[in-house]
Amino acid sequence: MRPKPENATEFMQRYPRITAHIISESLGYAPPSRAAQIGLDGMMGRNNYCEWVDACYQGDARKVLKNSISNRHHHEGYMSWYKSGALPLVRQAIEKNIEPEFASWF
């Protein structure tokens with residue numbers, strides 16, 4: 001069994017699709033590194049108090065992670081583009097270390 005990722009970069013590299021689904025679940029609020037940190041915090045059972053998670057989930061990153069995975073088939077259309085928006089952003093962040101600073105598609 002592989003050890004869990006130790007940081008957001010490892011989470012994003014190991015789970016690029018989940019990272020992209022977190023971006024989609026956030027409606028583009030979270031850029032790739034923030035989405036990966038939220039995913040890692042959720043995996044580790046830690047709270048995350050970025051504005052979106054705090055406002056919508058009262059800091060419960062585990063619930064964000066769970067909802068992002070269970071809602072993955074609904075991440076299409078306006079503000080939740082998985083295939084054409086979030087996943088290419090994550091791949092670009094991993095391969096070229098380039099990503100938006102504040103929000104994914106604003």
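Which side chain does a polar contact of 2.8 Å join to that of His 21? The partner is His 75, where a polar contact is a pair of N or O atoms within 3.5 Å, one able to donate a hydrogen and the other to accept it.

A quick note on ground rules: this is a predicted model, with local features needing pLDDT of at least 70 and side-chain atom pairs counting only at pLDDT 80 or more, while totals for chains, interfaces and linings use all residues. Residues are numbered from 1 along each chain, and side-chain values use heavy atoms, leaving out hydrogens and water.

His 21 sits in helix α2 (helices are DSSP runs of H or I, at least four residues). At 9% relative accessibility, His 21 counts as buried, the cut-off being under 20% relative accessible area with a 1.4 Å probe, protein chains only. Setting aside neighbours within four places in sequence, His 21 touches Ser 68, Arg 72, His 75 and Tyr 82 (contact means heavy atoms within 4.5 Å).

The rest of α2 is mostly covered too, with seven of its ten residues buried. The cover over those buried residues includes α1, α3, α4, α5 and α6. Just after α2, Leu 27 takes a positive phi of about 60°.

Now for two of those covering helices, α3 and α5. Their axes (lines fitted to C-alpha atoms over the stretch in contact, with angles from 0 to 180 degrees between N-to-C directions) come within 7 Å and cross at roughly 110°.

| Helix | Residues | Contact residues |
|---|---|---|
| α3 | 32-44 | Ile 38, Gly 39, Asp 41, Gly 42, Met 43, Met 44 |
| α5 | 61-70 | Ala 61, Arg 62, Val 64, Leu 65 |

Methods:
Helices (H or I, at least four residues) and strands (E, at least two) are DSSP runs, numbered from the N terminus. Buried means under 20% relative accessible area, exposed over 50%, partly exposed in between (1.4 Å probe, protein chains only).
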